[in-house]
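Subject: Structure for you to look at

Hello,

Here is the structure I promised to pass on. Please open it and keep it beside this email while you read.

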Amino acid sequence: MASKSKTPNTSKTPNTSNTKKKEVKKETKLGLTNKKNDNFGEWYSEVVVNSEMIEYYDISGCYILRPWTMSIWETLQTFFDAEIKRMGIKNAYFPLFVTENVLQKEKDHVEGFAPEVAWVTKSGQSELEVPIAIRPTSETVMYPYFAKWIRGHRDLPLKLNQWCNVVRWEFSHPTPFIRSREFLWQEGHTAFETKEEADQEVLEILELYRRLYEEYLAIPVVKGKKSEMEKFAGGLYTTSVEAFIPNTGRGIQGATSHCLGQNFAKMFEINFEDDKGKKGMVWQNSWAYSTRTIGVLVMVHGDDKGLVLPPRVASVQIIVIHVPFKEADISGIKSACESTTQVLSHAGFRAELDTRENYSPGWKYSHWEMKGVPVRIEIGPKDLANNQVRIVRRDNGAKEDVPMANLVERVKEILNDIQESLFNAAKEKRDACIKVVHTWDEFVAALNDKKMILAPWCDEEEVEKDVKARTKGEMGACKTLCSPFEQPRLPEGTLCFASGKPAKKWTYWGRSY
């Protein structure tokens, strides 16, 4: 946006002989100064502020999430919360703080998070006798109480989720939604009698994450398994949904579903007695998605006019704007706008009317385009006379005159088509970036061409470390994103692209956020 937005002035101009109507405010130019394809980072920063999603805070890496963001988060939360409750998972809330001795109980886990842990060391002017950590995740907060609550097989499964904030402090280059020092998320923590039960839940949750991205955010993702090097610290294995940002050539981890195995159960002595009186340790999972989802949404669908929101998550699906013209019947146009908004609202759409008098229709168009509202309805003198409205789509700018009698049905069709079109367009762009390679030279060329690389791999950690070291540079090192569950055929004799050893699987590689 070229300059700061201003709160509209709704006061009336004094009624003098030379003034017959309200003053139209001298308009601030709307728009972005950066183009998505030219300067992606600056474009992204502009969009999230100018669309009124976030406001910068005076502590680096912390952001104010404005109502436009929170409404999207709440829509995702409503979907996910209902689904996990169908699975018998219950919501709880655990404290924000954790003591040092508990945090450090699981060695690999704490080493994975140690650089990011924020510590409370003072109360007022007094030094605390024992520093207290602010949760970076809640395994060590919850599991001492799992050990207390689980005694026998009748106490299993124990399936909890919490909606909360977490703090991860140590990092560079903070980015709204993508890398922030505090963020919102849900984290599920479950305990089972058998590994089979745990394995099944890992995949059920991962499918919910796929649905959240593809069905709500209209973003294609790949479901797969993380490498040993990239898995959750202290866990048995990690699955994830992976998205890709074509403009930057970077993958982005969308959400994770971990099987923790029995490692934490051993550390925290989460034992139970089975129905035959035999002692055993539980099998555990943890899984989470965060407000990062919203950053991925902005990156994938946004354009040079601002946000582009899929209808299923848009706070406002339809904005109605009256278009006055010379000596037209203004009151009649306004009345038609009000009734149109009411009809659409009563039909279950999230519709709003922009009644501001001191901004021109053109300014309002730009304003709501910046905010990504899927559909704009304009009503002017011609529309009033013909008992119709003009519908304008945000995703492709297509315009259509629709009779009032068909409005509800047609709006429903258009919103469904926008949702589907956004997903298809995103998938087409993502798929165009996928490059299958077989040799190191092909791999390097594809990486420099900002591709999401699918390559045969020997599945050895030392080889992965070597790839990371050999690709380190200004753009950042390349790493494994995931090994997709839907594996292409791997012909016998296929060699690893990096080591020349026999390949065991196909794996996605790329730079990532």
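Below is what I found, one region at a time.

A caution before you start: this is a predicted model.

Helix α9

Begin with α9, which covers residues 330-346. It has 17 residues. From first C-alpha to last it reaches 24 Å, close to the 24 Å expected. An α-helix has 3.6 residues a turn, so residues three or four places apart point the same way.

Lysine K364

Next, find K364 in helix α10, residues 361-370. Is K364 buried or exposed? It is buried, because its relative accessible area is 1%, and the cut-off for buried is under 20%. The side chain of K364 reaches the backbone oxygen of D354 at 3.4 Å. K364 also touches I321, H322, T355, R356 and Y359, leaving aside residues up to four places away in sequence.

Last, look at β18 and β19 (residues 399-403). The two strands run antiparallel, joined by 5 bridges. R390 stands opposite D401 in β19. Between the strands lie 5 residues. In this hairpin, G397 takes a positive phi near 75 degrees.

Best wishes

Methods. Residues numbered from 1 in each chain as written. Predicted model: local features only at pLDDT ≥ 70, side-chain atom pairs only at ≥ 80, totals over all residues. Heavy atoms only, no water. Helix = DSSP H or I, 4+ residues; strand = E, 2+ residues; numbered from the N terminus. Expected span 1.5 Å × (residues − 1). Buried < 20%, exposed > 50% of the residue type's maximum accessible area, 1.4 Å probe, protein only. Polar contact = N/O pair within 3.5 Å; in protein donor to acceptor, adjacent residues only side chain to side chain. Contact = heavy atoms within 4.5 Å. Pairing = 2+ DSSP bridges.
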